[in-house]
Amino acid sequence: MKKITEAQSGKVEWQSPSNIAIVKYWGKHGNQMPANPSLSFTLSTSYSQTAMEFDVDPSRKAFEMNFAFEGEAAPKFGERIRQYFERNSADFPYLNNLKLNISSKNSFPHSAGIASSASAMSALAMCITSIESRLFGGFAEKSMFRMRASHLARLASGSAARSVYGGLVAWGESESIADSSDYYAVPVNDNLHDTFRSFHDTILIVDASEKKVSSTAGHKLMNNHPYAEMRYFMARQHMEDLGGIMESGDVEKFGEILENEAMSLHGLMMTSKPSYMLMRPNTIRIIELIKEVREAEKFPWYFTLDAGPNVHLMYPHEVESQARSYINDLLAPHTQNGLVLYDQVGSGPRKITE
Ligand code: PMV
């Protein structure tokens, strides 16, 4: 990167969606390097929208920033962002010349208890990359912009690396995915079957309160986990198996892996030292009902879980209206205050202004 020689200011703004992992990232080493490759669908209606006013001045000697969430100062999250910049200052050689006014909001309810770090941190990374593009005269190739954004998002939150692309996205080196990398995510949409391009993810909110054990603490517990090696082996195996499944559109085989991944993730939590459990009684009730309907009605829907109690219910677009009626009648009564968020596979971040 060239040295900043003259003052520049402006504003950039991006919307960036959350994602739902099919193969879970769980366990890391070094500076946010994944212990295994992961695969996710980028969502559509659950997004963060972040605006950044920047002022770069070579006479400034220390990084300055302000952060507001939904119109109000948010010191805790602001501090996390400041630490992110300072911890990764080697990536931002212009940091001490920079002043940022950041404001962010989410499309989903504040207290929905859904993981917002992927959307928030990918929106942040898209904004920083836009600023860099302005300061240093653009990127030689369009793909370099996203690669840089994914790298910067990963350094803030691993799963956020995947949200800079739409559709199906892989992060972490995998033999079965060309050009995959531990440093940034890559889109894998070329041969994706149509059924997965419009797949639905309905999020059934079981408990919206902040979780007892953070993802950061959970990743750490994988360091001495007795099942770690087998888990990483299984994740790689699932990546390989999903290659053909995502191309052929085999929803049943997709669903088997999806559910196995969710149970493995939570099984790892329950067998960590110390052990912990994020599922709540209604998580299990909802999972049982999903399976009952699937078996009794031959209905093609499957669940997954993030690091939390809420259930992500996934199904093809063709069965949407029947799914909605089962959800309203059978599943919504087991959610917290009927909170159900309808989402589906989306096309990735969207630039608002520049
Ligand atoms: O991105 P992090 O560090 O919050 O980890 C997220 C891990 C899971 O959401 C549980 C799985 C995943 O791959 O998204």
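Biologist: Which residue forms a salt bridge with Arg285?

Modeller: Glu288 does, and the closest N and O atoms of the two are 3.1 Å apart. A salt bridge here is a side-chain nitrogen of Lys or Arg within 4 Å of a carboxyl oxygen of Asp or Glu. This is a predicted model, in which local features need pLDDT of at least 70 and side-chain atom pairs count only at pLDDT 80 or more, while totals for chains, interfaces and linings use all residues. Residues are numbered from 1 along each chain as its sequence is written, and side-chain values use heavy atoms, with hydrogens and water left out.

Biologist: Where do Arg285 and Glu288 lie?

Modeller: Both are in helix H8, residues 281-297, and they sit 3 residues apart, about one turn of the helix. Helices (H or I, at least four residues) and strands (E, at least two) are DSSP runs, numbered from the N terminus.

Biologist: Which residue does Lys253 meet in a salt bridge?

Modeller: Asp250, at 3.6 Å from N to O. Asp250 counts as partly exposed at 25% relative accessibility, and Lys253 counts as partly exposed at 46%.

Biologist: Which residues are linked in a network of salt bridges?

Modeller: Asp55, Arg60 and Glu64 are linked that way.

Biologist: Changing topic. How many helices and strands does the protein chain have?

Modeller: There are 9 helices and 14 strands. The radius of gyration is 20 Å, close to the 20 Å that the globule rule gives for 354 residues, so the chain is as compact as a globular protein of that length. That radius is taken over C-alpha atoms, and the globule rule is 2.2 Å times the number of residues to the power 0.38.

Biologist: What does the C-alpha trace span along its principal axes?

Modeller: About 70 × 45 × 40 Å. Of the 354 residues in the protein chain, 55% are buried.

Biologist: What share of the contacts comes from residues 24 or more positions apart?

Modeller: Such residues account for 74% of the contacts with a separation of 6 or more. Contact means heavy atoms within 4.5 Å.

Biologist: Let's look at one spot. Where is Gly27?

Modeller: Gly27 is in the loop between strand S1 (8-23) and S2. It is buried, with a relative accessible area of 0%.

Biologist: What does Gly27 touch?

Modeller: Leaving out residues up to four places away in sequence, Gly27 touches Met33, Pro34, Ala35, His219, Met222 and Tyr232. Gly27 and Leu221 are 194 residues apart in sequence, yet their C-alpha atoms are 7.8 Å apart in space.

Biologist: Now the backbone. Which peptide bond is cis?

Modeller: The one from Lys273 to Pro274 is cis, with omega near 0 degrees. Pro274 is found in the loop between H7 and H8.

Biologist: What is phi of Gln32?

Modeller: It is near 65 degrees, a positive value in a residue other than glycine. Gln32 lies in the loop between strand S2 (28-29) and strand S3 (33-34), and at 10% relative accessibility it counts as buried.

Biologist: And Asn337, what is its phi?

Modeller: Phi of Asn337 is near 50 degrees, again positive in a residue other than glycine. Asn337 sits in the loop between helix H9 (320-331) and strand S13 (340-344).

Biologist: Buried or exposed, in the case of Asn337?

Modeller: Exposed, with a relative accessible area of 76%.

How values were computed: Buried < 20%, exposed > 50% of the residue type's maximum accessible area, 1.4 Å probe, protein only.
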